[in-house]
Amino acid sequence: MKGTVHYETRGNVALLTIDNPPVNPLSSGVRQGLSDGITQALGDDAVQAIVLTGAGRAFIAGADISEFGGKAEGPSLHDCLNTMDASSKPIVAAINGTAFGGGLEVALCCHYRVIAPAAPVGLPEVKLGLLPGAGGTQRLPRLIGAEKALDFILSGDPIPGPQARELGIADEVVEGDIVAGGIAFAQNIIAQGSPVRRIRDESEVVARDRDRPEIFEAARKSSARRMRKRFAPEMIIQCVEAAVNVGDFDAGMRIEQECFAKCLNHPQREALIHMFFAEREVAKIPDVPRDTPTQEIKQAGVIGCGTMGGGISMSFLNVGIPVTVLEVDSEALDRGMGVIKRNYDIQVQRGRMSEAEVNQRMSLLSGTTDYGDLGGADVIIEAIYENIDVKVEAFKKIEAVAKPGAILASNTSGLDIDRMAAATSRPEAVIGLHFFSPANVMRLLEVVRGEKTSKEVIATSMKLGKTLNKIAVLSGNAPGFIGNRLLAGYTRQAGEIILQGATPYQVDGALLQFGMPMGPFQMNDLVGLDLGWRARKLAGMKPEDVPITARVADKLCELERFGQKNNRGYYIYPEGSRAGQADPEVVKIVEETSSELGITRRDIDDDEVLKRCLYPLINEGARVLEDGIAIRPCDIDIVYINGYGFPEVTGGPMFWADQQGLDNILHDIEGFSEEYGGDIWKPAPLLERLVAQGKTFASLQG
Ligand code: 3H9
């Protein structure tokens, strides 16, 4: 059995300490220890109260997530809670650190709660596709009311000790030794003869919510907006409704258990728990051990203060790391730094930041036009024009000024890191740090290792990702790295499908329905159709050489339809709106283009649209794995969910592929290969092998 609970007595108080490193989840040994400890304390006449705390940095991190979907040993968590509920002796939770999910629910089953100021409490189950299934949906509304309970449970976000006290979740904040504070609190209760206070018996607060159906209406509306396509929120709302309307605690608990079981058996739960472990897995790099020395990043240099450079600078400023940003001239510098300031000002207008915080962040930013000013930086990131020759030149200049030991990084989205490294005499210091736009918002950081990048530089870069509140995924150095390499097939298929019969609006609609935040044509409008068009013109490309999938976009640009930037692209954007409207003129252009290319249009259903857009991700994903560009399938899942908006509830493209059945996918890919040919539909050998062996991508996880 995993984990244990230590039992000791301190005078007339029994102290139970949960010990299951590193974060004390409620594994089988913990549940057994909790049950035994409470029973022992109840049987000892010398014990008058019980204090429950956690060893190390956590109180209890919740149920043991790795046990979900399998057969669990030992008593259930509900058995433990029933034993606690039946206790005639007061139980005090001394919340020393993280109390999440089932951990907070255990604390809510205690009769009193004291908390350390820095201890976060939360019910993050919704993020795992679950609901608080150990009484949380029944006890919390009885304690703090349905409205606040719904906010707390549906957000899944933690709050620190003092806020928990304010909300009524904790009775007292203890500065200093939390165990001593818990014992003192217990002794006070004994001395005052305070009753055992069970939240299950409280009915006054929920009774007040009984005639307020608007609370639940508002929760439904907000979760439909914020958590599109999620299954768990509605289950949570039904449970809290039961806490308010059913009245009887045990009946409410039965409803909670039914709803919990529905969530547990839902594919979204499996996908989201896959994501939880995947997020931790991507930090592990087989040939870069965890104890690889890293260097501290105390100062950053960023070259270029355009959209990317500005966003990257903000990522550093947001975590208190000073940045020197370089531009070609003072005009460009003023413009770029002005945009950073404006972005922060918008945060102030939206009430997300104070003026003082903006001033503090801006005070960490300095601008320069002189490479020499980057000499103090621990990391220098170039974020300039995406052209290998320009970047190679930039690396020569960076190397000339960078201090020994500095990391020399490129924010390229797919160019050759080794060519940049070769321009320097310290290729071991060169690495790709590919941020996603807007860089201060997007969570993904693709860290790209060159052939000679040192392990220390890789370890430091991965750690830097965490410092910047990003999720860093290591990629090998190959065109497009992981993300953009997979994306190429997706966008190309979208372009082909509209020439063969679908409209851009149908393609976008099918992908939105699948759960993408926007379709490929909405994305093109957002990025700007003119970027590719101008690049092709600049390269002197003849019209007949333009790839057929770019022909419609180029025609739109000739009509000065550049996308959202001038309110007309594939969609028409009414002034001031980002919600585009379909335009029959575009459909006509698409149809004309098909006819010019001699393509006979046909009806294409949404199922085909999805398969043709999504299966190239899987096929190319298999190649990326075979080539060793991505370490594990879950690395691709993390990249796609955090960088490209792939719906989180699918678990990412590779996890989703396993769930669809790799044999079904291969069968369709073979069919598309026969019909359309081309590299994109050539089945990846790894995919063929897995199907032949009856295996899944998950089997490669190790
Ligand atoms: C629940 O409680 C359901 C109940 O309502 C109903 C039940 C009937 N289980 O994140 P870290 C592992 S649902 C198993 O790197 P940090 C984690 O995988 C649960 N393992 O540390 C990692 O392993 P490894 C609700 C867990 O300090 C190691 O611990 N609870 C669990 O950055 C260290 O984790 C949650 O959703 C777990 N519950 O962050 C809380 N938690 O080293 C989920 C962690 O092998 N956990 N591990 O890679 C967290 O949010 C963070 O882990 C925490 C620590 C904030 C606790």
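**View 1. Lys391 and its salt-bridge partner.** Lys391 is buried, with 1% relative accessibility; here buried means under 20% relative accessible area, exposed over 50%, and partly exposed in between (1.4 Å probe, protein chains only). Lys391 forms a salt bridge with Glu386, and their closest N and O atoms are 3.2 Å apart. The term salt bridge stands for a side-chain nitrogen of Lys or Arg within 4 Å of a carboxyl oxygen of Asp or Glu. Glu386 is partly exposed, at 36% relative accessible area. A word on what you are looking at: this is a predicted model, in which local features need pLDDT of at least 70 and side-chain atom pairs count only at pLDDT 80 or more, while totals for chains, interfaces and linings use all residues. Residues are numbered from 1 along each chain as its sequence is written, and side-chain values use heavy atoms, with hydrogens and water left out.

**View 2. Arg139 meets Asp85.** By the salt-bridge rule, the count for the structure comes to 43. In one of them Arg139 pairs with Asp85, with 2.9 Å between the closest N and O atoms. Arg139 sits in helix H4 (residues 136–144) and Asp85 in helix H2 (residues 77–85), so the pair ties together parts that are 54 residues apart in sequence. Helices (H or I, at least four residues) and strands (E, at least two) are DSSP runs, numbered from the N terminus. Both partners are buried: Arg139 has a relative accessible area of 2%, and Asp85 has 9% relative accessibility. Look around this pair and you will find a network of salt bridges that links Asp85, Arg139, Arg200, Asp201 and Asp250.

**View 3. Glu147 and Arg212.** These two side chains meet in a salt bridge (3.3 Å, N to O). Glu147 belongs to helix H5 (residues 146–155), and Arg212 to the loop between helix H8 (204–208) and helix H9 (214–226), so the pair ties together parts that are 65 residues apart in sequence. Glu147 counts as partly exposed at 42% relative accessibility, and Arg212 counts as partly exposed at 29%.

**View 4. Asn96 in its loop.** Asn96 is found in the loop between strand S5 (91–95) and strand S6 (98–100). With 17% relative accessibility, Asn96 counts as buried. A polar atom of its side chain lies 2.9 Å from the backbone oxygen of Gly54. For the backbone oxygen of Gly56, the distance to a polar atom of the Asn96 side chain is 3.2 Å.

**View 5. The residues around the ligand.** There are 26 residues around the ligand, and Arg57, Gly102, Glu105, Glu125 and Arg280 come nearest; a residue is near a molecule if one of its heavy atoms lies within 4 Å of it. An oxygen atom of the ligand lies 2.8 Å from a backbone N or O atom of Gly102. A side-chain N or O atom of Glu105 is 2.6 Å from an oxygen atom of the ligand, and a polar side-chain atom of Arg280 is 2.6 Å from a ligand oxygen. Helix H3 (102–109) and helix H12 (267–281) are the elements that give two or more residues to the shell. H12 gives the most, with three residues.

Key
A polar contact is a pair of N or O atoms within 3.5 Å; within protein, one must be able to donate a hydrogen and the other to accept it, and residues adjacent in sequence count only if both atoms are side-chain atoms.
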